[in-house]
Amino acid sequence: MDVTTTETLLDERALSKLRWRCRRGLLENDLFIERFFARHASGLTVRQAEALGALMDLSDNDLLDLLLARKEPEGDLARDDVTHLLGLLRATPLTTSQPQKETA
């Protein structure tokens, strides 16, 4: 695939298929993935979708270890695109919905 193709945004059908493929057995993984899609779905590229697909080939426990930064990608997953996508998946929300406690 050339650079132009990999940087193309996913169309709605491809995005829908990717969402379906990303369904996991562990709730913790699903929470990371749903938060990721909520923030990045409209701007996902073909290359990012391929990196996410590579992560989805992992077992639930191995994926959770990566998402929680207990481990870093190794072997075939030690690629720039996977590392970048993993950073997006790990990112915390920019806003919080919990009220701040006052200190006296």
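Where in the protein chain is confidence lowest, and where is it highest? After that, stay with helix α6 (residues 80–90). Which residues of α3 and of α4 meet α6, and at what angles do the axes of these helices pack against it?

Modeller: Confidence first. This is a predicted model. Helix α1 (residues 3–6) has the lowest confidence, with a mean of 62. Helix α5 (residues 60–67) has the highest, at 97. Over the whole protein chain the mean pLDDT is 88. Of its residues, 83% reach 70 or more.

Now the setting. The protein chain contains six helices and zero strands. Along the sequence the pattern reads α-α-α-α-α-α. The chain has 104 residues, and 36% of them count as buried. Take the contacts between residues at least 6 apart in sequence: 67% of these join residues at least 24 apart.

On to α6 and its partners. Two packed helices are described by the angle between their axes and the distance between the axes.

Start with α3 (27–40). The axes of α3 and α6 come within 8 Å. They cross at roughly 100°. Angles of 65 to 115 degrees count as roughly perpendicular, so α3 and α6 are roughly perpendicular to each other. From α3, the contact uses Phe32, Ile33, Arg35, Phe36, Arg39 and His40. From α6, it uses Leu85, Leu88, Leu89 and Arg90. By type, the residues of this contact split into six nonpolar, one polar and three charged.

One residue of that list deserves a second look. The whole structure holds one aromatic pair. Phenylalanine 36 and phenylalanine 37 form it. Their ring centres are 5.6 Å apart, and their planes stand at 65°. Planes over 60 degrees apart count as edge-to-face, so this pair is edge-to-face. Phenylalanine 36 has a relative accessible area of 0% and is buried. Phenylalanine 37 is buried too, at 2%. Phe36 also belongs to the contact with α6.

Next, α4 (46–56). Its axis lies 9 Å from that of α6, and the two pack at an angle of about 80°. That makes α4 roughly perpendicular to α6 as well. From α4, the contact takes in Arg47, Gln48, Ala51, Leu52, Ala54 and Leu55. From α6, it takes in Asp81, Val82, His84, Leu85, Leu86, Leu88 and Leu89. These residues divide into nine nonpolar, two polar and two charged. Leu85, Leu88 and Leu89 of α6 meet α4, and they also meet α3.

Zoom in on alanine 51, which lies in α4. Buried means under 20% relative accessible area. Alanine 51 is at 0%, so it counts as buried. Beyond its neighbours within four places in sequence, it contacts Arg79, Asp81, Val82 and Leu85.

Apart from its neighbours within four places in sequence, it touches Thr6, Glu7, Thr8, Leu9 and Leu10. Keep in mind that α1 spans residues 3–6 and has that mean of 62.

Then α5. Its buried residues are Leu63, Leu64, Asp65, Leu66 and Leu67. They pack against α6, and against α3 and α4.

Last, the loop between α5 and α6, where alanine 69 is found. Just after α5, this residue takes a positive phi of about 60°. Most residues other than glycine have a negative phi. Alanine 69 has 44% relative accessibility, so it counts as partly exposed. Its C-alpha lies 9.3 Å from that of leucine 86, 17 residues away in sequence. Leu86 is one of the α6 residues that meet α4.

To sum up, α6 is roughly perpendicular to α3 and roughly perpendicular to α4. The buried residues of α5 also pack against α6.

How values were computed. Residues are numbered from 1 along each chain as its sequence is written. This is a predicted model: local features need pLDDT of at least 70, side-chain atom pairs count only at pLDDT 80 or more; totals for chains, interfaces and linings use all residues. Side-chain values use heavy atoms; hydrogens and water are left out. Helices (H or I, at least four residues) and strands (E, at least two) are DSSP runs, numbered from the N terminus. Contact means heavy atoms within 4.5 Å. Rings of Phe, Tyr and Trp (its six-membered ring) pair if their centres lie within 6.5 Å; planes under 30 degrees apart count as stacked, over 60 as edge-to-face and the rest as tilted. Buried means under 20% relative accessible area, exposed over 50%, partly exposed in between (1.4 Å probe, protein chains only). Axes are lines fitted to C-alpha atoms, for helices over the stretch in contact, and angles run from 0 to 180 degrees between N-to-C directions. Angles under 35 degrees count as roughly parallel, over 145 as roughly antiparallel, 65 to 115 as roughly perpendicular and the rest as oblique. Ala, Val, Leu, Ile, Met, Phe, Trp, Tyr, Cys and Pro count as nonpolar, Asp, Glu, Lys and Arg as charged, and the others, Gly among them, as polar. pLDDT is the predictor's confidence in each residue, from 0 to 100.
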